[in-house]
Amino acid sequence: MMFCPLAIDWGNAADGASAIASFCAVVAALWIAFGQERNARKLRQIAKNEEHARTVRLISEVIRLTAEIEAFANAGAMLAERGGGRNGGLVSHSQEIEGARAQLSALQQYPQSDPRIFGEIGRIIRESALPSDFLTGSISYQEIVCRGIAERLAPRRALLAQLL
């Protein structure tokens, strides 16, 4: 048999090319699979960050509304302490408190998975309720009610801040 360097055994060359192509296909499949896993992990992290951002916004809004109610209650108590004011000063304070409570009630409908937040919103709404006889009661009664609301809400704000 004669040896010729240009004579190639094409059967073995096709087997080699097939092996290289198979190897490249496996590498490409692994590359795609790991790339999809990386993308899925990034998407999960983004979703988790967005959920946390929504929670932080909700808690900060609840803290703001609670502080607003507390400020109106303190202002109402000081107004009552000075004699009740003129032109329905306590009436406007009670309306402001009820408006903030209504906003808190609306926030309680916000889709959220943490029941602690909703529990705190419910407690804040309950503890900031003005009695039905608030406006018809005496000035000292109004002062006591307003001071009580302010005193009960301060720890609620602190507890909400801990949920962040």
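This is a predicted model: local features need pLDDT of at least 70, side-chain atom pairs count only at pLDDT 80 or more; totals for chains, interfaces and linings use all residues.
Visitor: Is aspartate 114 buried or exposed?
Guide: Buried. Its relative accessible area is 16%, and the cut-off for buried is under 20%.

Visitor: Which side chain does the aspartate 114 side chain make a polar contact with?
Guide: That of arginine 116. The two side chains make a polar contact at 2.8 Å.

Visitor: Zoom out. How many helices and strands does the chain have?
Guide: The protein chain has 4 helices and 0 strands. Read along the sequence, the pattern is α-α-α-α.

Visitor: What share of the residues is buried?
Guide: Buried residues make up 28% of the 164 in the protein chain.

Visitor: Which residues form a nonpolar patch on the surface?
Guide: Val26, Leu30 and Phe34. Together they have about 300 Å² of accessible area.

Visitor: Take phenylalanine 34. Which helix does it lie in?
Guide: Phenylalanine 34 lies in helix α1, which covers residues 10-81.

Visitor: Why does phenylalanine 34 count as exposed?
Guide: Because its relative accessibility is 53%, and exposed means over 50%.

Visitor: Switching to contacts. Of those with a separation of 6 or more, what share comes from residues 24 or more positions apart?
Guide: In the protein chain, that share is 72%.

Visitor: Where is alanine 161 placed?
Guide: In helix α4, residues 139-163.

Visitor: And how does alanine 161 count for accessibility?
Guide: Alanine 161 counts as partly exposed, at 40% relative accessibility.

Visitor: Cysteines next. How many disulfides turn up in the whole structure?
Guide: A search finds 0.

Visitor: What about cysteine 24? What is its relative accessible area?
Guide: It is 45%, so cysteine 24 is partly exposed.

Visitor: And cysteine 146, buried or exposed?
Guide: Cysteine 146 is buried, at 2% relative accessibility. That value falls under the 20% cut-off.

Notes. Residues are numbered from 1 along each chain as its sequence is written. Side-chain values use heavy atoms; hydrogens and water are left out. Helices (H or I, at least four residues) and strands (E, at least two) are DSSP runs, numbered from the N terminus. Buried means under 20% relative accessible area, exposed over 50%, partly exposed in between (1.4 Å probe, protein chains only). Patches are made of residues with over 30% relative accessible area and no salt bridge: like charges are joined within 9 Å, nonpolar side chains (Val, Leu, Ile, Met, Phe, Trp, Tyr) within 5 Å. Accessible areas come from the Shrake-Rupley method with a 1.4 Å probe; for residues, only the protein chains shown count as cover. A salt bridge is a side-chain nitrogen of Lys or Arg within 4 Å of a carboxyl oxygen of Asp or Glu. A polar contact is a pair of N or O atoms within 3.5 Å; within protein, one must be able to donate a hydrogen and the other to accept it, and residues adjacent in sequence count only if both atoms are side-chain atoms. Contact means heavy atoms within 4.5 Å. A disulfide is a pair of cysteine sulfur atoms within 2.5 Å.
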